[in-house]
Amino acid sequence: MDFSYESSNKARGAFRTSVPGLAIKVEGYPEPFSVKDFSVNGLAFSAGDVDFEVNTNLEVDLVLGKKEILVGITLGVVRNIGKGLMGCVFVDLDKYQEERLDKLVLEIQKRMILLRKKKGAS
């Protein structure tokens, strides 16, 4: 038996989620930028009035509140979504960075499932 699946929306090839307080610190900018959503493939962040060029790379740290989640990662800006939102992909992650992102997304998925179960039980 042969089975294949093609997604019609390649930009959203992985589970995306949002976490309140998740931000990126971009090298050369004093204030962090709020992350709208992220996945193991990339993220969208609110750039405000800053206009980041498409097809450029940004050196960033992923932070939650004051805690650094991942440091020294590279984001490739792939599109200006509009209204100050920038769409980015992770570039050349090492094994450790990939594992940390996978773990973060998995933990968030687990919490979402738990919350849904609690809502369903009440």
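How many bridges join β3 to β6, and in which direction do the two strands run? They are joined by 5 bridges and run antiparallel, where strands are DSSP runs of E of at least two residues, helices are runs of H or I of at least four residues, and both are numbered from the N terminus. Two strands count as paired if DSSP finds at least two bridges between them.

This is a predicted model, in which local features need pLDDT of at least 70 and side-chain atom pairs count only at pLDDT 80 or more, while totals for chains, interfaces and linings use all residues. Residues are numbered from 1 along each chain as its sequence is written, and side-chain values use heavy atoms, with hydrogens and water left out.

| Strands | Bridges | Direction |
|---|---|---|
| β2 and β3 | 3 bridges | antiparallel |
| β3 and β6 | 5 bridges | antiparallel |

β2 and β3 form a hairpin with 3 residues between them, and Val 35 stands opposite Phe 45 in β3. Because 4 of the 5 residues of β3 are buried, this strand is largely enclosed by the rest of the structure; buried means under 20% relative accessible area, exposed over 50%, and partly exposed in between, with a 1.4 Å probe and protein chains only.

Leaving aside neighbours within four places in sequence, Ile 24 is in contact (heavy atoms within 4.5 Å) with residues including Val 35, Leu 43, Phe 45 and Leu 62.

Pro 20 is found in the segment before β1 and is exposed, with a relative accessible area of 77%. Pro 20 and Lys 36 are 16 residues apart in sequence, and their C-alpha atoms are 8.6 Å apart in space.
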